[in-house]
Amino acid sequence: MALADILPYEQVTVLDIDNGARFETYAIEGEAGQVCLNGAAARLVSPGDKVILITYADYERDELATYVPRVVHVDRRNRVIDEPSARLEAELTLTEPA
């Protein structure tokens with residue numbers, strides 16, 4: 001979460017690439033490489049689905065001149081494959097809880 005600049009309990013939007021689901025929830029720290037959904041959100045995504053996590057913030061116009069989105073790309077096992085960059089999306093693969 002630190003690499004993606006996501007804070008514990010921060011609101012996130014989850015986009016499921018495999019089934020088209022889109023919903024909001026909040027982030028909770030887990031084990032490294034694990035993306036796990038709990039509660040009602042868990043019914044919207046299946047283990048193995050590719051998801052995109054998005055966070056939002058308010059910025060002043062002058063702050064946007066130098067703003068670069070932080071994006072983390074991972075492989076199928078959620079291991080980082082490149083550092084945060086200005087790309088517009090990061091894919092994470094949902095894993096089952098331990």
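Among contacts (heavy atoms within 4.5 Å) in the protein chain of this predicted model between residues at least 6 apart in sequence, 53% join residues at least 24 apart. Local features need pLDDT of at least 70, side-chain atom pairs count only at pLDDT 80 or more, and totals for chains, interfaces and linings use all residues. Residues are numbered from 1 along each chain as its sequence is written, and side-chain values use heavy atoms, without hydrogens and water.

The protein chain holds one helix and six strands, in the order β-β-β-α-β-β-β from the N terminus. Helices (H or I, at least four residues) and strands (E, at least two) are DSSP runs, numbered from the N terminus.

| Property of the protein chain | Value |
|---|---|
| Buried share (under 20% relative accessible area, 1.4 Å probe, protein chains only) | 27% of 98 residues |

The largest nonpolar core has ten residues: Ile 6, Val 12, Val 14, Phe 23, Ala 27, Val 35, Leu 37, Ala 41, Val 45 and Val 51. Such a core is a set of buried Ala, Val, Leu, Ile, Met, Phe, Trp, Tyr and Cys residues joined through side-chain atoms within 4.5 Å. Beyond its neighbours within four places in sequence, Ala 27 is in contact with Met 1, Ile 6, Leu 7, Pro 8, Tyr 9, Glu 10 and Val 12.

Tyr 9 lies in the segment before strand 1 (11-16) and is exposed (over 50%), with a relative accessible area of 62%.
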